[in-house]
Amino acid sequence: MNSIKITLFKYMSLCLSVVFLGACAGPGYGPIVEDLSVQARASQRIPLATNNVLGNETNPSATDTQPRKPVELQKPKPYVVPKAKVTITPQSSPSKVVVAPTEKNIEVVIKQEEALPPSDQAVVEQLLSNADSLKGQGKMAEAVIQLQRAQRIAPREPKVYARLSALQLSLGEAARAEQLALKGLTLVPNKKRYQYYFWKLIAASRSHLGNSKGEAEAIIQADKYK
Amino acid sequence: MSKNRATSKSKPNAPEKWFSWVWLFKLATVLLVLGVVTLIYLDAQIRHRFEGHRWSLPAKVYARPLELYKGQQLAVGQLDYELTQLGYRFVQSATDTGQVQKTNQGMIIHSRGFRFTDGAEQGHLVEVILQKNKVTQLRQISGAAIASLRLEPQLVGGIYPSHNEDRELIQLNDLPNGFIETLLMVEDRDYYSHYGVSPWGIARAMWANIKAAAVVQGGSTLTQQLVKNFYLTDQQTLWRKLIEAPMALLLNVHYSKEEVLEVYLNEVFLGQAGKRAIHGFGLASRFYFGQPLNEIKLHQVALLVGLVKGPSYYNPHRHPQRATKRRNLVLSVLAQQGVISDVQKTQYQALPLDLSKAKQVSRYPAYMDVVRRQLQQHYPASALSNQGLRIFTSLDPWVQHQAHIAMVEQIDALNQRHGKIPTLEGAIVVSHRGSGELLALVGDHDGGYAGHNWALDTSRQVGSLLKPVIHLAALESGQYNLATLINDESIALPQPDGSVWQPQNYDRRSHGKVPMYKALTKSYNQANVRLGLQVGLEKVLQQLSEMGIEQSIPAYPSVLLGAVEISPMQVNQIYQTIAGNGFYSPLSIVRQVTKANGQLLSIFPLIVRQAASNDAVYLLQHEMRLVANEGTARGVYRFLPKQQKVAAKTGTTNDQRDSWFAGFSGQHVATVWLGREDLKPTPLTGASGALNVWGQLMQHLSYTPYEDIKPETVGYYYVNRATGVVIPNGCPDGIDLPMVNATAPPINTNCGY
């Protein structure tokens with residue numbers, strides 16, 4: 001009996017060692033192209049695998065003469081779209097998003113936009129109407145994309161800025177909305193309807209931002225074009 | 001190997017008398033257990049890899065899609081170029097997707113469609129009618145209305161995992177006609193009937209090879225090939241040999257033929273492009289033909305299938321004859337087996353290889369560099385290199401192409417004119433005037449080397465490029481108009497260290513009192529230093545910071561003449577704000593990021609921030625147009641038609657170490673820098689160096705006539721060029737200048753003298 005036990009034990013350990021050996025062979029299981037020289041050259045070109053992946057100080061160059069961030073290109077952080085639903089989470093604090101008194105104000109302003117004359121480019125009108133329907137479906141990010149397409153095609157079309165500003169305002173991004181409306185204003189000298197509407201947007205944005213003095217000024221301006 | 005060890009280990013424990021049935025039984029048990037354990041282990045391996053995260057997929061970086069719509073102005077040759085880069089084929093009659101047919105009036109394009117971030121766009125058959133490169137009409141052949149046609153965006157690069165494997169995943173229904181037949185006929189005829197290994201196949205392959213006196217067919221099944229590539233290393237070890245067949249059998253047991261085939265199609269290695277390994281037929285089709293797999297024709301299918309046997313030996317770029325021979329052999333096999341007729345075989349064999357005409361190497365190293373840097377701020381490296389993210393950038397392939405050419409050709413011309421200028425480097429930054437999107441980036445003198453990025457990583461003194469900022473600060477103060485007289489007498493300023501700074505004009509002369517606009521068009525140093533000091537150094541620096549320059553700049557008067565180090569990218573940011581009618585927009589690169597499945601992860605919204613008043617910027621823009629019309633930048637009209645309005649400024653630093661040119665047209669803002677790597681003087685001024693690059697670039701970009709929108713507060717006044725006095729029309733030596741009505745001086749009836 002004893003010897004059987006011992007032999008059994010022997011066999012088992014043998015088997016285990018085989019399993020172990022098999023596992024040792026494991027690291028060999030990998031993708032076919034694993035040329036390390038290639039990898040080293042690649043990392044020269046592509047400074048991806050550096051430590052400062054998330055930081056701003058990604059500067060691979062030793063001869064850099066700039067004391068600060070090498071790429072001060074994109075200050076705004078991206079909108080992060082949550083996993084399931086594609087809705088825009090504004091990057092600023094969410095508390096700013098819902099401010100009851102201005103909601104109505106925004107609605108009123110946005111409704112007034114319907115009176116604006118159409119763009120003379122068919123493609124722009126098409127994109128604006130796409131944006132409207134996407135917005136209606138709650139696809140805010142997609143709506144923004146449509147409006148920015150329109151803005152690239154027609155950077156001097158005031159209606160595009162009007163929509164962009166109104167959309168940002170309804171998303172609670174009042175500071176952005178105000179600036180977009182200010183830019184829109186520079187495109188519409190002597191166009192009263194637009195001037196009125198942009199000043200109304202500015203007023204609503206400033207109200208949203210708690211800038212009551214600025215809001216009052218914008219209302220006075222708007223009234224000039226009523 | 002392990003089995004050997006097992007038997008040898010049992011030997012010392014096996015004296016002669018142990019030789020018996022018991023011994024045999026024990027040995028058999030050991031082997032059985034070993035076999036079972038190995039199988040279980042292999043089984044786990046197979047299932048783990050097959051069902052898990054199969055491949056690390058590099059992030060794909062896309063250029064902007066070309067959008068065609070009525071009224072759009074294209075550049076000469078642009079549409080042909082972009083379609084070629086996308087792998088469209090120019091044919092007599094566009095019947096399939098990916099084809100273009102030239103017509104008398106324009107082109108008929110059969111577009112492919114693409115899953116964009118804002119929704120899928122179907123392929124369309126559309127006629128684009130062009131007049132002088134302007135799209136005058138867009139209509140679907142079906143008659144249905146179409147407002148715009150978005151071509152698919154060009155894939156311009158990837159962010160590769162460390163092993164540099166790249167692939168474009170495909171499914172069985174992406175395969176073109178005849179693909180499966182060809183593949184199976186050449187690589188594994190019994191695929192649908194064998195159990196993962198095929199002794200019969202080996203025998204037949206051997207026979208076929210003997211008959212043909214060449215290796216026509218391989219003996220291992222597709223399943224075995226997949227096991228080899230997918231699970232095993234490339235080393236020829238005994239262990240590998242031993243487990244290949246069992247693994248193939250297991251794979252066959254667990255998964256359907258279709259599943260295994262699909263993985264095979266995506267795994268197989270089909271070529272090498274520098275560091276990048278081309279895997280799978282999807283990417284191989286793009287790589288060799290520039291076309292999606294579903295578009296390729298049988299002769300192309302035959303080439304790809306033929307490549308399986310030896311992608312480098314049959315490399316069609318390097319060995320076209322070998323590749324053609326191999327392809328034709330594959331076509332012969334198809335004919336022998338009755339897949340195609342002999343006539344078809346002859347027709348296909350007569351066709352060229354049809355390799356892509358688009359350039360294959362990464363053409364945009366500097367741009368890709370900036371894409372990576374931006375993404376690294378938002379995503380971890382692992383997410384970028386293995387999750388197949390789709391990155392949509394604003395890169396404009398046409399602008400990038402032209403910028404590259406302008407740099408290379410003009411540097412060549414400068415070297416010829418001045419004798420070789422050693423270590424001459426350069427950078428170009430181009431952005432979209434309306435949005436601030438970065439369209440193109442050239443990071444060195446030939447635009448091809450992915451080394452030091454001179455557009456981003458080098459800050460050099462900018463010379464006169466800051467003079468417009470002085471003028472903007474002055475106009476913003478409300479105390480100046482374009483005709484205000486500025487003293488250009490020499491000026492000496494004691495420095496904190498006791499020395500005296502005495503800037504001089506380029507021509508080393510003083511010009512007395514000059515109207516402000518002339519101080520800019522002639523780039524007088526003395527007048528501009530005086531103007532800057534009158535306005536206030538702090539105000540000028542404040543204005544600069546409003547325009548997007550964040551670095552802290554010491555408030556020395558020499559800063560007024562550009563004694564401050566700024567990168568070409570940042571210079572372009574300053575000019576973007578001027579071009580953007582006083583609204584700062586950060587130069588942006590990425591538009592959207594999605595997951596591999598198309599789910600939107602991030603969008604980068606348009607940001608504008610007012611940095612200067614509308615009327616002040618309007619006046620400055622006018623001044624800068626005069627710089628191009630009659631000032632230091634007038635050389636651009638050697639490249640551009642007279643009626644094309646551009647606003648610009650030259651910049652030259654001490655001893656001509658740096659040659660700068662920055663400015664904008666109706667659509668584009670561009671900055672060019674040239675200088676020596678070793679900081680030594682060059683024979684170049686801004687006007688004799690960087691201007692040429694800028695001029696050639698703008699000459700080849702699309703151009704829409706663009707009138708700036710005059711603010712209500714501004715009017716035009718006729719002014720005496722010498723004295724800056726407003727004069728009646730009809731007086732000699734006058735010029736029309738815009739002024740803010742409230743600050744305009746009264747008319748002088750003596751014609752200003």
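The questions and answers below concern helices, strands and sheets of chain B in a predicted model.

This is a predicted model in which local features need pLDDT of at least 70 and side-chain atom pairs count only at pLDDT 80 or more, while totals for chains, interfaces and linings use all residues. Residues are numbered from 1 along each chain as its sequence is written, chains are lettered from A and ligands numbered from 1 in the order in which they are written, and side-chain values use heavy atoms, with hydrogens and water left out.

Q: At roughly what angle do the axes of H3(B) and H15(B) cross?
A: Helices (H or I, at least four residues) and strands (E, at least two) are DSSP runs numbered from the N terminus, and axes are lines fitted to C-alpha atoms, for helices over the stretch in contact, with angles from 0 to 180 degrees between N-to-C directions. Angles of 65 to 115 degrees count as roughly perpendicular, under 35 as roughly parallel, over 145 as roughly antiparallel and the rest as oblique, and H3(B) and H15(B) are therefore roughly perpendicular to each other. The axes of H3 (residues 78–85) and H15 (residues 397–418) of chain B come within 10 Å, and they cross at roughly 105 degrees.

Q: Which residues of H15(B) meet H3(B)?
A: Contact means heavy atoms within 4.5 Å. From H3(B), the residues that take part are B:Gln78, B:Tyr81 and B:Glu82, and their counterparts in H15(B) are B:Pro397, B:Trp398 and B:His401.

Q: Which residue just after H15(B) takes a positive phi?
A: At the start of H15(B), a side-chain oxygen of B:Asp396 lies within 3.0 Å of the backbone nitrogen of B:Trp398. Just after H15(B), a positive phi of about 75 degrees is taken by B:Gly419.

Q: Which residue in the turn between S8(B) and S9(B) has a positive phi?
A: Strands S8 (residues 125–131) and S9 (residues 134–140) of chain B run antiparallel and are joined by six bridges, with B:Glu127 having B:Arg139 in S9(B) as its bridge partner. The two strands form a hairpin with two residues between them, and the turn residue with a positive phi of about 50 degrees is B:Lys132.

Q: Which residue in S14(B) is the bridge partner of B:Gln272?
A: Strands S12, S14 and S13 of chain B form, in that order, an open sheet with mixed pairing. S13(B) runs antiparallel to S14 (residues 276–279) of chain B, and four bridges join them. The bridge partner of B:Gln272 in S14(B) is B:Ala277.

Methods
Two strands pair if DSSP finds at least two bridges between them. A polar contact is a pair of N or O atoms within 3.5 Å; within protein, one must be able to donate a hydrogen and the other to accept it, and residues adjacent in sequence count only if both atoms are side-chain atoms.
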